[in-house]
Amino acid sequence: MSTLLTYVAISDGKIKRSSLEVLSHCKSIADAGGFSCEAVIIDENASSFTDDVQKYGASKIYTVSGDAFSQHQNGSLLKALTKVNESVSPALIAFASTESTKDVLGALAAQLKAGVVADVSSFNFDGSKVSAQRPMMAAKIMGNVDVTGNPILVSVRSGSYDLNENPSTAEVVSLDVSVDSDDLRATLREIISATGDTIDLNEADAIVAAGRGVKDEEAKNLISELASVLNAGIGASRALTESGVYDPSLQIGQTGKVVSPQLYIAVGISGAIQHVAGMANSKVIVAINKDADAPIFEVADYGIVGDLYKVLPPFIEEIKKIKN
Amino acid sequence: MKFIVSIKMVPDVYAPFQIKDGELLMDGDRMVLNAYDASAVEEALVLTEKYGGDVEVVCIGAAKASETIRKALAMGAAKGYHIQTNGDEAYDSSSYAQILADFLKDKEYDVLSFGKQSQDTDSGLTGGMVAQLLNLPYATNAVGLEIEDGNLIVKRQGDSGQEMIALPTPCLVTCSNDMNEPRIPNLKGIMASKRKPVESVAVSDMNLDGAALEAVSKVTSYSPVPARAAGQKFEGEPEEIATKVAQLLDTEANVL
């Protein structure tokens, strides 16, 4: 029986929700096609996450633990995934498309001589090939892609699938992987984390995104207040991360993060295609911009033509009222 | 340090296109240097201008791709390699990586630099594949590069912050377009580029295993992105329309 193996990513001591979305989808493919749905966790404390992963239907969970996996390093992750592949011989390995995944996917495919397709928005597996859809040309078109190989590696955009609990009792198998300096080769000196305890954009249900129209502290404060009322993550267009107004990790777009929250509020964002490529799959899009012809209005479900300084205060007040 | 930057000619994502019977129809003349590769070229130029060294570029593509090589030479690269294809091959990331790895295996360099993805397909696989095939330490998604004691210091945008990574040379790095604004070639650069050497080799003369170049992923067809339902646009008194939209988010969209 073919095995569909989902790599469950851990970041900052938490399971990435997007990898549970992928696991939920693999479970439904496995049930429909008679495949085995399994998962692997690679983290310094991998075994502490098995209970949460079981809820999503994996029949077997592999854990790889050790200090080498406390921070993302491509050398250690590659070594671990190579070993896991040897032990499990899966037909397919599915990943959430995080920056860590992007860092190893190509190298892993070359190492395993695997078929690979990255950043898909949907996929299926028929026992021999993966058929996937992926946005191309700055998300202006969809490419329908067939991939063969053994195994086949697939990475999936966050928000492509719903979480679907499917409690199972999984067998937990611990695999030993030792990592030495020959595996790492590169030296991770430090991680500069500027985001602190802000909400992870890939996981957020709501995002307030700031663009060029957000010019001063007053506007930034309005953005923060709106985000706080909605319990939303704060994102920014490339213009604002490049000029240093917001941290680069908050950039949304083709170059930065690709997000798909339930609610996306674009404030002072004109809507260049590179930005839209990163947020067009959001469920509900609100745009606030004083330029009535801004392209962002073409993708917005609700467009407010107006000055953000005049629009945001009553907007925030009304949402507060509704929330209470 | 010596940099070899891998560059690609890609369709201009701003060019109009049509999808007809699953096929993508675009103006074949609207081709540009991939934006991420342009940033990789720029950063290599900045570092070699500061610390000394050379920048060469390598490009796989049909005859027309020579324009893209000239663009990089006009920016300031010293030499180009053109690995020529017929233009009708259905290569995927893996095919490109096999060709590049074979071509680069006997070349001398300190750093192989790539754009982190190509702006038409956004796969972002080729750089990592080449690193693995050539057994090089590597880092992806660089937003800053420095040289220190013979190491390449990469600032990488990761999931939870910016990772500072030291790579011993030879190494490979893939670049984001966030690290710089690629220079626009000036007239002097453009004139100089015409005298710079470009070595050409045909893929068919490279003694590569044809089966290894076969694409494992194939685009079978293209479809339009499902259109979003037409939205509502509100103009008028700011307080009135802001309140109205907030209420609609609650009662109509049900997202509050």
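Which strands form an open sheet, and in what order? I began with that question, keeping in mind that this is a predicted model.

**Entry 1: the open sheet**

I found 4 strands in the order β8(A)-β9(A)-β10(A)-β14(B), with antiparallel pairing. I then looked for the edge strands, which pair on one side only: they are β8 (122-125) of chain A and β14 (217-224) of chain B. From one strand to the next, I noted an average twist of 25 degrees.

I went through one pairing of this sheet in detail. β8(A) is joined to β9(A), residues 130-136, by 4 bridges in the antiparallel sense. In this pairing I see A:Phe125 opposite A:Val130 of β9(A).

**Entry 2**

I looked up another pairing between the chains. Strand β18 of chain A, residues 302-305, pairs with strand β15 of chain B, residues 232-235. Here the sense is parallel, and I noted 4 bridges. A:Ile304 has B:Phe234 of β15(B) opposite.

**Entry 3: the interface**

How many residues of each chain are in contact with the other? I noted 82 residues in chain B and 85 residues in chain A. Between them the two chains bury about 6,900 Å², and 54% of this lies on carbon and sulfur atoms. I also asked which residues of chain B lose the most area to chain A. They are B:Tyr138, B:Asp159 and B:Arg228, which together make up 11% of what that side buries.

**Entry 4: polar contacts and salt bridges between the chains**

I noted 46 residue pairs in polar contact between chain B and chain A, with both residues at pLDDT 80 or more. On the side of chain B that touches chain A, helix α7 of chain B (residues 238-251) gives the most, with 11 residues. I sorted this side of chain B by class and have 39 nonpolar, 26 polar and 17 charged residues.

The count of salt bridges between the two chains is 4. I picked out one between the side chains of B:Asp178 and A:Arg238, at 3.2 Å from N to O.

**Entry 5: a salt bridge within chain A**

I looked at one in chain A, where the side chains of A:Glu21 and A:Arg17 meet at 3.5 Å, N to O. How are these two residues placed in helix α1 (residues 17-33) of chain A? They are 4 residues apart in that helix, so about one helical turn separates A:Glu21 from A:Arg17. In general, side chains of opposite charge can pair when their charged atoms come close.

Terms used. Residues are numbered from 1 along each chain as its sequence is written. Chains are lettered from A and ligands numbered from 1 in the order in which they are written. This is a predicted model: local features need pLDDT of at least 70, side-chain atom pairs count only at pLDDT 80 or more; totals for chains, interfaces and linings use all residues. Side-chain values use heavy atoms; hydrogens and water are left out. Contact means heavy atoms within 4.5 Å. Buried area is the accessible area (1.4 Å probe) that two parts lose on being put together, summed over both. A polar contact is a pair of N or O atoms within 3.5 Å; within protein, one must be able to donate a hydrogen and the other to accept it, and residues adjacent in sequence count only if both atoms are side-chain atoms. Ala, Val, Leu, Ile, Met, Phe, Trp, Tyr, Cys and Pro count as nonpolar, Asp, Glu, Lys and Arg as charged, and the others, Gly among them, as polar. Two strands pair if DSSP finds at least two bridges between them. Axes are lines fitted to C-alpha atoms, for helices over the stretch in contact, and angles run from 0 to 180 degrees between N-to-C directions.
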